[in-house]
Amino acid sequence: MATLTLPVEEKKKSKINEQEALITGAEAIAIACKLANVDVVTAYPIRPYDTVMQYISQLVADGEMDCEYIVAEGEHSQFEIVKHASVCGARVFCGSSGVGWMYAMEALTVSPALRVPMVCMVGNRALDDPGAFGVEHNDALAVRDLGWLLTWVDSAQEALDTALIAYRVAEDRRIFVPLAISCDGAFLTHSQALVKIPAAELVKKFLPAYNRGDLLLHPDNVISVAPQANEDWVMEIRRQNYKVTEVACDVIREVYAEFEHTFGRKYGNPFFEEYMTEGADVVLLGMGTMSTPVKVAVRKLREEGKKVGFVRLRWFRPFAGPEIAKCLERFKAVGVIDRDFSFGSPDLSGVVATEVRSAMYSSSSTRPPVIGFIGGLGGREITVPDVETMTDIVFRAAKGKAQPLTQWFGLRE
Amino acid sequence: MTTSTFVDEKPTQNLEPFKGVKKVPHEEYYTSGHRTCQGCESAQIMKLMAKAAGPRTIVLGSTGCMYVANTSYYSTPWGVPWMHTQLGSSGSAALGAAAAFRVQMRKGAMKDEPINVIAFCGDGGGADMGLGAISATMCHPDYNLLILMYDNESYANTDIQISGASPYGVNTSFSTPGKVKRIMNHRWKKNMAPLIAVGHPTVKYVSTISTSYPLQAMNSVRKALSVGGPTFIHCLNPCPKGWDFDPVLSFQLGELAVNTGIFPLYEIENGKLKMYGKSKDIVNGRFKRLPVRDYLLKQGRFAHFIEEDIEYFQSKIDETWDKWLVPGIIPLQKDVEAE
């Protein structure tokens, strides 16, 4: 794929047009939708994702964004409406949280095989019952086996940038599957930070128009989409989705490189961020906004002479298994912090710990011990002292002392 | 500058009615390739609907007979673009497609022209699972679309189970008469067209049609696609397999449903009700309703009915014509004592 190069004058101009604003993660994604010139947006209220739709509604009312803004009567319809709009050639945006996401499950299930590059925001929220507004990752993770691309961001800036990257990735004809950007409820959706907002003309250059090509549903293109296939063809069609996952890592790498080239903001390895891993004996690994307390704790522990680092996973699907294994095998032990659960799974661990162990088993020769921690459920904070204790446990594992493979943190017994 | 509009209408095609059977075009947009049963009236309305709409159309079909039996991989019968949609999603499908066309035409990404957006659903997809989404879609006056519910009065694709549009007392695989209970379905058929018309006052066109009156059915589709905004058509489709009758009787049963007063034919355009055919004659007293017995006993699904069941059924139908404020349509009754 050709790399985008901009004349020097244009680069200068774009820097001038770049604005900085104090906004929340949800607002950052709303602005990304405006910059991406999204055509159809569907909304339905559920906390905490829904603030993104409040911002978009305002952008439409103020004439800053031109789209069909439809308030659906439930999440199932919300996702079905954008699914069909996307098949009819529109760039779409949608989102949900917690049980709302689950209410849309049928629409979420059919979208990857229909090759619908919808981009969605999940404001991660604990699943009912009992009711809880706080963050948990099980909502977005529920679609992990269905062909969705899943990414977790940890700052408003990354939310905005990733939304632009998401359209470019999802609408790449080699991909053409739905993509969800996970933002931790409250910690990111409702927390303000200074965000650099890129110039519209640069975004236009970075993001070509959505072209559905011969898959477009339009009177000029007489096709039948998704007729009944049965055992005759279903396996071949599943294999097409499998092929997406084969190339997804390469496409994501390409798009991040182009992003860096266009906007000048660097994300390094797209799949995970390494924090103070150099010279570390052990590392912790997790997704989303837990990065803040973990990074604070890591800095503190480093000052105390404890050689610990942190790896923040950005992309869960595709799961860059070999790369992650190669990164983690440098350390004597790994502690995975899951803000989710997977009841009855091997070692009764969280989802991420299980995936990391699986990746290590096939792609690492050294296979350091992987200790699973489950914490921060329902929006409970993961504290700095929590992280310090986790680190001690991982150090003990590194020294060959057997540790329980799954431990719950911040739990009242 | 602020703009405030009441309804942002977009022009539709003006599809003139076919002036007689001989004026109907020869072109078919629903042809061979489907695997529906002999005598299937649901397939018949697909054919009539596509013919009436013409080539500048897309069709979104929710799960049901007209998906599973109708549209198989590599043998699609559709001559216009067609897409499967989920069982409860006909409303959302039509809304999404109409919104996509509208915005792309506005932004210049697509040629600006009227495109017919039709979503169909069965009675299971329409009267049961998809009712919420249809209702929501009917509240969006700025999108031009048609939702057509083909009603074979059961989940006919999954082994014939009762739906919200199945008739009282019917024998289906979920309501089989047994040793103790003869009647397992105590629900009365959902009154779909008035439900849409009365519940969604901005909808400009709602009608009931029958494949036994094909010209009128096609012209109803053409009008629904011409008036603008969301529209709804309820079509009754006799089903040889589900209703248990000889396929040769399909057409006749469609007529009997109308002539017994069980399924009145009418359209509601901009709030004005117009009965037509025999239904109009019933209202005007020019035609005496045939006994429901003539209709029920031709079908195996009512074979377990004893005399009192038939009488009950007849009394309920009589009530719709004799007591309802709008006979056959609106089930409100005048409070005689208050008068």
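**Conventions.** Residues count from 1 along each chain as its sequence is written, and chains take letters from A in the order in which they are written. The model is predicted, so local features need pLDDT of at least 70, side-chain atom pairs count only at pLDDT 80 or more, and totals for chains, interfaces and linings use all residues.

**View 1. Helices H11 and H14 of chain A pack together.** Helices here are DSSP runs (H or I) of at least four residues, strands are DSSP runs (E) of at least two, and both are numbered from the N terminus. Two packed helices are described by the angle between their axes and the distance between the axes. H11(A) spans residues 291–303 and H14(A) spans residues 384–398. Their axes are 8 Å apart, at an angle of about 60°. Axes are lines fitted to C-alpha atoms, for helices over the stretch in contact, and angles run from 0 to 180 degrees between N-to-C directions. H11(A) and H14(A) are therefore oblique to each other. (Under 35 degrees is roughly parallel, over 145 roughly antiparallel, 65 to 115 roughly perpendicular, and the rest oblique.) The crossing of H11(A) and H14(A) is right-handed, meaning that the near helix is turned clockwise from the far one by less than a right angle. H11(A) brings Pro293(A), Val294(A), Val296(A), Ala297(A), Lys300(A) and Leu301(A) to the contact. H14(A) brings Val384(A), Val387(A), Glu388(A) and Thr391(A). Residues are in contact if their C-beta atoms, placed from the backbone, lie within 7 Å. The residues of this contact divide into 7 nonpolar, 1 polar and 2 charged. (Nonpolar: Ala, Val, Leu, Ile, Met, Phe, Trp, Tyr, Cys and Pro; charged: Asp, Glu, Lys and Arg; polar: the others, Gly among them.)

**View 2. An open sheet of 6 strands in chain A.** The strand order is E10-E12-E11-E14-E15-E16, with mixed pairing. Two strands pair if DSSP finds at least two bridges between them. E10(A) (272–275) and E16(A) (406–408) are the edge strands, each pairing on one side only. From one strand to the next, the twist averages 20°. E10(A) and E12(A) (residues 308–313) run antiparallel, joined by 4 bridges. There, Glu274(A) stands opposite Val311(A). H11(A) lies across E10, E11 and E12 of chain A, at about 165° to E12(A). H12(A) also packs on the sheet, touching E10, E11, E12 and E14 of chain A. The direction of H12(A) makes about 10° with that of E10(A).

**View 3. Two cis peptide bonds in chain A.** The bond from Asp129(A) to Pro130(A) is cis, with omega near -5°. Pro130(A) sits in the loop between E5(A) and H7(A). The bond from Arg317(A) to Pro318(A) is cis too, with omega near 0°. Pro318(A) belongs to the loop between E13(A) and H12(A).

**View 4. Positive phi at Ile160(B) and Asp244(B).** Neither residue is a glycine. Phi of Ile160(B) is near 65°. Ile160(B) lies in the loop between E4(B) and H6(B), and counts as buried, with 24 C-beta neighbours inside 10 Å. Asp244(B) has a phi of about 65°. Asp244(B) lies in the loop between H8(B) and H9(B), and is partly exposed, with 15 other C-beta atoms within 10 Å. (Buried needs 20 or more other C-beta atoms within 10 Å, exposed 12 or fewer, partly exposed in between; C-beta atoms are placed from the backbone.)

**View 5. Chain A touches chain B.** The contact takes 39 residues from chain A and 41 from chain B. On the side of chain A, E3, H4, H6 and E9 each supply at least two residues. H4(A) gives the most, with 9 residues. The residues of this side divide into 22 nonpolar, 9 polar and 8 charged.

**View 6. A sheet of 9 strands includes E9(A) and strands of chain B.** The sheet is open, with mixed pairing, in the order E9(A)-E2(B)-E1(B)-E3(B)-E4(B)-E6(B)-E5(B)-E7(B)-E8(B). Its edge strands are E9(A) and E8(B). E9(A) pairs with E2(B) (residues 82–85) in the parallel sense over 2 bridges. Ser224(A) stands opposite Trp82(B). E3(B) and E4(B) run parallel, joined by 5 bridges. The bridge partner of Cys121(B) in E4(B) is Met149(B). H7(B) lies across E4, E5, E6 and E7 of chain B, at about 160° to E5(B).

Notes
Contact = placed C-beta atoms within 7 Å.
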